[in-house]
Amino acid sequence: MAATWRLSLTAAALRAVAPWPRGSRLLAASRGPQALREASSSSPEADEGQIHLTESCVQRLLEITEGSEFLRLEVEGGGCSGFQYKFSLDTVINPDDRVFEQGGARVVVDSDSLAFVKGAQVDFSQELIRSSFQVLNNPQAQQGCSYPF
């Protein structure tokens with residue numbers, strides 16, 4: 001069973017709490033596994049090395065990004081299953097970054113992190129008390145820490 005991670009703070013809340021220096025504004029490090037939705041039926045060859053943006057992700061990114069800003073997705077060590085997703089707003093594209101663009105919204109992933117999220121979807125979910133970017137349908141994720149052994 002695969003896992004997904006949720007971003008627990010909105011960009012608007014973070015902008016209100018503390019201004020981050022231009023170039024890299026941390027949105028949040030997300031933790032806490034949750035069962036994934038079924039993977040889409042598209043062919044594995046089409047997904048290889050790609051990150052897919054949902055319509056809600058594109059819409060939210062267009063609302064919160066300014067100028068040359070984009071959403072950076074990184075995979076870092078930590079979390080109960082050994083890794084965590086980290087989302088931040090950034091303006092600097094490094095030589096080893098891959099840019100995924102849809103409808104004018106951009107998500108950037110470094111080559112090391114891409115190995116852990118290729119074929120996944122980046123979504124934006126809004127609920128009554130929380131809104132978050134999240135990684136869904138990650139074919140690279142094996143299992144979460146709540147997985148029964």
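**Stop 1: aromatic rings**

The structure holds three aromatic pairs. Rings of Phe, Tyr and Trp (its six-membered ring) pair if their centres lie within 6.5 Å; planes under 30 degrees apart count as stacked, over 60 as edge-to-face and the rest as tilted. Select Phe87, Phe124 and Phe133: ring pairs link them into a cluster.

This is a predicted model: local features need pLDDT of at least 70, side-chain atom pairs count only at pLDDT 80 or more, and totals for chains, interfaces and linings use all residues. Residues are numbered from 1 along each chain as its sequence is written, and side-chain values use heavy atoms, leaving out hydrogens and water.

**Stop 2: the whole chain**

Show the cartoon. The protein has four helices and eight strands; helices (H or I, at least four residues) and strands (E, at least two) are DSSP runs, numbered from the N terminus. Along the sequence the pattern is α-β-α-β-α-β-β-β-β-α-β-β. Of the 149 residues, 44% are buried, where buried means under 20% relative accessible area, with exposed over 50% and partly exposed in between (1.4 Å probe, protein chains only).

**Stop 3: strand 3**

Select residues 70-77. Six of the eight residues of strand 3 are buried, so this strand is largely enclosed by the rest of the structure.

Two strands pair if DSSP finds at least two bridges between them. Arginine 72 has valine 108 as its bridge partner in strand 6.
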